[in-house]
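Open the model in your viewer and keep the selection panel at hand. The tour below goes from one selection to the next and says what is there.

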Amino acid sequence: MVSTELLSQSIINGLLLGGIYVTVGVGFALVFGVLEIIDFAVGEYVMLGAFTGAIVAPMVGGEGLLVVPLAFVAFFLVGVVIQPFIHHVTTGDRPMPLLMGLVFTFGLATFMRGSILTIFGPNTRNVPTNALSGGIEIGGLGTFPEVRVVTAVVGVLSLVAFMYYLYRTTGGTAIRAIAEDRDIARLMGVNINRYQSIAYGVYAGLTATGGVFIGLIYSAGPGMGLQYTAFAFFMIVLAGLGYLPGIIISGIVLGLAQSLTAVYLGGELVFFVLFGMIYVLLLVRPEGLLGKGEVA
Amino acid sequence: MSETLLQTDGLTKRFGALTANDEITLGVDRGEIRGLIGPNGSGKTTFFNSLTGFYTPDEGTVTFDGTDITGWESHRIAREGVGRTFQIAAPFGNMTVRQNMLAVQTPKSVDEHERAQEILEFLDIDHIADDDASGMSGGQKKLLGLGRVLMLDPECILLDEPTAGVNPALADRILEHLRELNDRGTTFMIIEHDMDVLKQIVDTVSVLDQGRHIVQGTFEEVSTDDRVREAYLGSADDDEVPV
Amino acid sequence: MGTENDLTVRDRFQALLGRDDAHLWLFGIGAVVLAVLPFALSTFWTRIALGALMWIGLAQSWNMIGGYAGYLDFGHGAYFGVGAFVTGIVMVELELPFVAGLLIAGVFCAVLAYVVGVPTLRLSGAYFAIATWAFAEAIKELALILEITGGTYGMTFPTGPGTSGIPLVGWPDEMFFYYLMMVLTLGTIALAYFLFEHSEFGFRVKAIRDHEDAAQSLGIDATKIKRRVYVISCVIAALFGGANAYYITFIHPNDVLAPIITDQMIIMALLGGLGTIGGPIIGGVLIFLLNRLSSLFLGNTTIYLPLIGLLIMVTVLFAPSGVIGILRGEVGREDVKQNLRELAEKFDIL
């Protein structure tokens, strides 16, 4: 039956998308835990990643995949340098530190978006790839674009690597200790500055990497960031702020919801429903639907 | 004649698996000064928070002057006549000392300006009434914290470490003020770590340990009680043993 | 402070700021200057002044909830847009004059802000910020979908004599809109002054911002007071939204509900000085001029975005109390140096 096929295709597409959203979401949730700050720039890292793909790929033989490791390293370094600023404005004896932190990342987001818009103009660009132009047949369910399948695989792999780092290495343990209680971590001799920077760097790198793939699937545009900021907010609100395992589920839910609403409801309602859900979820269950997030 | 002003009955507050207040039954008589002691983490501040509406108790009741105030919002409890101060005495910023006093929500019938002036004079801080409150010394901030509560004209005041971090001379002055207020009929319950301070001022002492109300009595009775010694020695804070 | 003779400009400024009668004089002189200003200006500069006035008012309205009450409203612009659309709907669909549209928009947004405020103000900090942000984005998407707002086509306002509903006003021209904005803005400033600087209400609002628990324990009903501040500030934004819409005659969700509207209000209040009367005035003028002049002289409208982003970051980093803070002497050279030293310490990451 045609409709069953459409449904199963939409579901698989949704799962494939969810894989990449999870990589954006976990970093974001980690940064909330470690820095206790909501980073309004999250979507702009996606945008910057996608743009890096669009600009750099033609220089490396028109292969967007080659940009991926570069994007991770480059934005890891960017993140490492940006983190001390955010840390600085949210600590010390300045008035309303939380407000200052939020407004700072808000300014950062505006700066990133505005810079790209000013330098490259408002047009969207493609992220070219030769390696991933075909399709993959999945067990009688239909043919799916290679780029989506690879994206999902990379998403899952980076998630595994990320979780391994966080739970099986000294650095990861230090980061989790900071997320638990910054002061106690300090007393235990953890170099707060260092591991916060690493955490923020990993987050920026992961998010930008996700951006390259999102650029491969869709395209790169200076205004695309806002949507992914909303996606990130949606994921952590659904999972419960700062609750990492919940992100995996909420990322997949997001991918499915996006794929299914686009097919069955029509595009124009998607964002209204998405923003509406973030708002309503926060009001009814600020601790998250999926687990015990911390409520400020 | 003693008459109970503030009474808790089986008051319980849990945070997940931790029971911070475990069926605390405790009555404070009208006109007395009650000390509330216990090792760190024994639930003293939680008890204040449960009493004044910042936490909703899981079980038990709070009765004030014959009225059941369990689960009331904190501002209503304050207006009912239960004032409190916080451990950290932070004045409201960008405001003068007087404006800090005027921020308090007094009944409409009260002339707030007149009352603020009277209280500032009583506490001897009227000379800095129109200075920026954030420039005050630590002790003056404690006095302002007390002054703000007095704007409510409360029958009962809960004080969380009123002299902590204050130089001895000013601490004596604060105690003097408390005694004078007590003579005029105000009832107090005071969390205080400094036993020397406590000894000077309290009528009776209640001891909390691990969320439970274990002993109540005069300072002498409590300080020689084996259960109290055990509560303190059992904890890490050896330096806080009474006497 | 020294003797009378060696008072610095800053000292004089501080002394002036501290005097109530000086505030009244300042307000009076400002009002008179503004009233005669358009006679001295060309139409072009009258338009600039008009825009600056509107942004001062909008920044002040954000400052009420964000600066005085300390609740980070990242969706304040929603009310600017809703005010615009309600005014338009009343004028287009009900064929009522502008004045009626503006009044109805004000009342509608008061009700909306009350209804939204009850659940939303229970959240605090980052939660409140995200919730209001999502609310505003949802409103924008809704306006793009609905038919009554014109959806993606936008909405055109009736123009010409008689549409204003104000006696003696013929064709609403620049002068009309200038004085309209002037009245709204001066009204907003006066309201903010008496509400937040000169009444117990204002002291209570600041008390909630600084220490909500302590405020509650002093009998202050924080919920009620926050809601009042929220409703007042939202209604003001709505009135400016309606007035601006009638002025520009065509509105589109992507313009009047754009997130940049909120961004600008926040950065204006922040740059000038949060929780002060003068802050939004100074910030509003500076940022609005930056906006206009950057497009005028650089011929590029988007360069304004990275500039504003950079300005937000620098302000937060080095002058969190804004220009007013600098004038009050809170941000001296030493403070900046200290700030840089502390920042440098956080770069100790190896």
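Helices and strands here are DSSP runs, a helix having at least four residues and a strand at least two, numbered from the N terminus. Keep in mind throughout that this is a predicted model.

**Stop 1: chain B as a whole**

Select chain B. Its secondary structure comes to nine helices and ten strands. Along the principal axes, the C-alpha trace spans about 50 × 40 × 40 Å. Chain B has a radius of gyration of 18 Å, which agrees with a compact globule, because a globule of 243 residues would come near 18 Å. Of the 243 residues in chain B, 45% are buried. Among the contacts in chain B with a separation of 6 or more, 65% are between residues 24 or more positions apart.

**Stop 2: strand S8 of chain B**

Now select residues 187-191 of chain B, which form strand S8. How many of the five residues of S8(B) are buried? Five of the five are.

Strand S3, residues 33-37 of chain B, runs parallel to S8(B) and is joined to it by four bridges. Strand S7, residues 156-160 of chain B, also pairs with S8(B) in the parallel sense, over five bridges.

**Stop 3: helix H1 of chain B**

Select residues 44-51 of chain B, helix H1, where seven of the eight residues are buried. The buried ones are B:Lys44, B:Thr46, B:Phe47, B:Phe48, B:Asn49, B:Ser50 and B:Leu51. Just past the end of H1(B), pick B:Gly53, which has a positive phi of about 85°.

**Stop 4: chain A**

The unreviewed UniProt entry lists "transmembrane region" for several spans of chain A, among them residues 42-60 and 66-86. Select residues 42-60 of chain A: the span is 79% helix and 0% strand, with its end C-alpha atoms 27 Å apart. Then select residues 66-86 of chain A, which are 95% helix and 0% strand, with 31 Å between the end C-alpha atoms.

**Stop 5: between the chains**

Show the three chains together. Which chains share the most contacts? Of the two pairs of chains in contact, chains A and C do. Chain A and chain B have no contact between them, and their closest C-alpha atoms lie 9 Å apart.

Turn to the place where chains B and C meet: 16 residues of chain C are in contact with 21 residues of chain B. On the side of chain C that touches chain B, helix H8 (200-210) and helix H9 (212-217) of chain C are the elements that give two or more residues. H8(C) supplies the largest share of that side, six residues.

**Stop 6: helix H4 of chain C**

Finish with residues 77-93 of chain C, helix H4, which has 17 residues. From its first C-alpha to its last, H4(C) reaches 24 Å, close to the 24 Å expected at 1.5 Å a residue. Is H4(C) mostly covered or mostly uncovered? H4(C) is mostly covered, with 15 of its 17 residues buried. After H4(C) comes C:Glu95, with a positive phi near 55°.

Notes
Residues are numbered from 1 along each chain as its sequence is written. Chains are lettered from A and ligands numbered from 1 in the order in which they are written. This is a predicted model: local features need pLDDT of at least 70, side-chain atom pairs count only at pLDDT 80 or more; totals for chains, interfaces and linings use all residues. A residue is buried if 20 or more other C-beta atoms lie within 10 Å of its own, exposed if 12 or fewer, and partly exposed in between; C-beta atoms are placed from the backbone. Two strands pair if DSSP finds at least two bridges between them. UniProt positions are given in the numbering used here, feature names are shortened, and annotations may be inferred rather than shown by experiment. Two residues are in contact if their C-beta atoms, placed from the backbone, lie within 7 Å. The radius of gyration is taken over C-alpha atoms; the globule rule is 2.2 Å times the number of residues to the power 0.38. The expected span of a helix is 1.5 Å times one less than its number of residues.
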